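Q: Could you walk me through this protein, step by step?

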Amino acid sequence: MDNQAKSSGASSFTSAMNLDQQGVSSIPQRYVLPPSQRPNIIHHDEHVLPLPIIDLSDFHDQSRRYQIINEIRNACKEFGFFQVINHGIDQSTINEALKAAEEFFNLPHEEKMCLFSDDVHKPVRYGTSLNHARDEVFCWRDFIKHYSHPLSDWLHLWPSNPPSYRKNMGNYAEAVQGLQNKLMEMIFESLGLNPSYLEEEVNGGSQLLAVNCYPACPEPELTLGIHPHSDYGSITVLLQTRSGLEFKNKNNNWEAVPLVEGGLVVQLGDQMEVLSNGVYKSVIHRATVNVDKKRFSIVSLHSFAMDKKIGPAKELVDDDHHQLPKCYNEFSFSEFLHFISNNDITKERFLDTLKIMK
């Protein structure tokens with residue numbers, strides 16, 4: 001274990017994966033949620049919600065494009081996310097990335113701990129919770145997070161073991177980055193903006209890949225894989241191997257997101273809510289865990305550049321006539337990182353600090 005890991009509190013850290021491998025019959029107290037925050041365990045297959053599934057295969061056909069844009073508009077207004085199929089990423093690329101993820105989490109605990117850090121500014125870090133240093137209750141998951149765009153700037157910092165990790169996860173990261181560019185065009189168009197709106201900023205933005213392992217949990221009714229939160233960026237593209245993702249609907253109830261074979265989940269983040277001036281909302285979501293089997297997810301979080309200030313699009317603001325007043329202050333990704341370094345985001349949303357009270 002390196003000195004950096006020790007100085008970051010690694011000596012007190014035990015990962016969920018390590019606990020699972022030890023065969024614990026109950027979860028340590030640091031993972032137990034207060035009763036009011038515990039999940040209601042549901043059988044996901046019995047609670048299939050008719051969430052939007054959007055087929056992108058004929059997007060270049062003009063009539064079909066209009067239909068897809070309309071489907072995206074309705075999904076963003078109603079749910080804050082949707083699933084896409086026929087998205088253009090080869091299944092072999094997806095399978096190889098998932099295999100690389102599984103191989104990484106199967107590495108010896110000591111080897112993974114060399115990447116441990118509770119510093120949210122680190123470009124590559126291994127851990128368990130949203131903020132290991134501040135969270136009162138830990139998440140039942142392990143993650144490896146690393147910046148991924150442009151890939152050539154970051155790849156040399158990624159784990160070198162397993163040997164296939166950089167190649168296979170890098171291929172997936174680049175494929176998702178291309179899909180993100182296309183999705184941003186469609187979402188902008190659904191808002192009535194030019195599809196090439198902020199094109200340079202989108203292409204030059206940040207991509208953070210969060211690769212998650214949610215081990216089998218002996219007491220899934222007491223804990224969560226990840227606590228309720230919204231993502232900070234513009235959009236998030238999520239790949240999951242099993243159901244487990246849940247979102248909070250307009251009635252303030254939790255709903256399960258079904259697993260769609262070959263599909264990817266697209267979630268709106270805080271930057272999109274601010275940019276749309278509240279027309280679209282970022283989605284609050286969480287991950288439950290399972291008593292029998294582990295679950296993997298690869299989450300591609302996209303945002304504008306670290307110090308790029310994002311505010312409501314001027315086309316979506318009409319202060320003069322009081323019809324569409326500006327509802328949010330500007331913010332940058334770096335400001336969000338500063339916030340989560342000093343606050344427990346399970347208790348206070350960063351987005352709420354940006355809202356303009358009228």
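Predicted model: local features only at pLDDT ≥ 70, side-chain atom pairs only at ≥ 80, totals over all residues.

A: Residues are numbered from 1 along each chain as its sequence is written, and side-chain values use heavy atoms, with hydrogens and water left out.

Q: Ok, how many helices and strands does the protein have?
A: The protein has ten helices and twelve strands, where helices (H or I, at least four residues) and strands (E, at least two) are DSSP runs, numbered from the N terminus.

Q: And how much of it is buried?
A: Of the 358 residues, 53% are buried, meaning under 20% relative accessible area with a 1.4 Å probe and protein chains only.

Q: Which strands form the open sheet?
A: Eight strands form it, in the order β1-β2-β10-β7-β12-β5-β4-β3, with mixed pairing; two strands pair if DSSP finds at least two bridges between them.

Q: Why is one side of β1 and of β3 left without a neighbour?
A: β1 (53-55) and β3 (124-127) stand at the edges and each has a single partner strand, so one side of each has no neighbour in the sheet.

Q: How do β7 and β12 run?
A: Strand β7 (residues 235-240) and strand β12 (residues 295-303) run antiparallel and are joined by six bridges, and Ile 235 has His 302 in β12 as its bridge partner.

Q: New topic: what comes after α7?
A: Gly 192 follows α7, and its phi is positive, near 85 degrees.

Terms used: Buried < 20%, exposed > 50% of the residue type's maximum accessible area, 1.4 Å probe, protein only.
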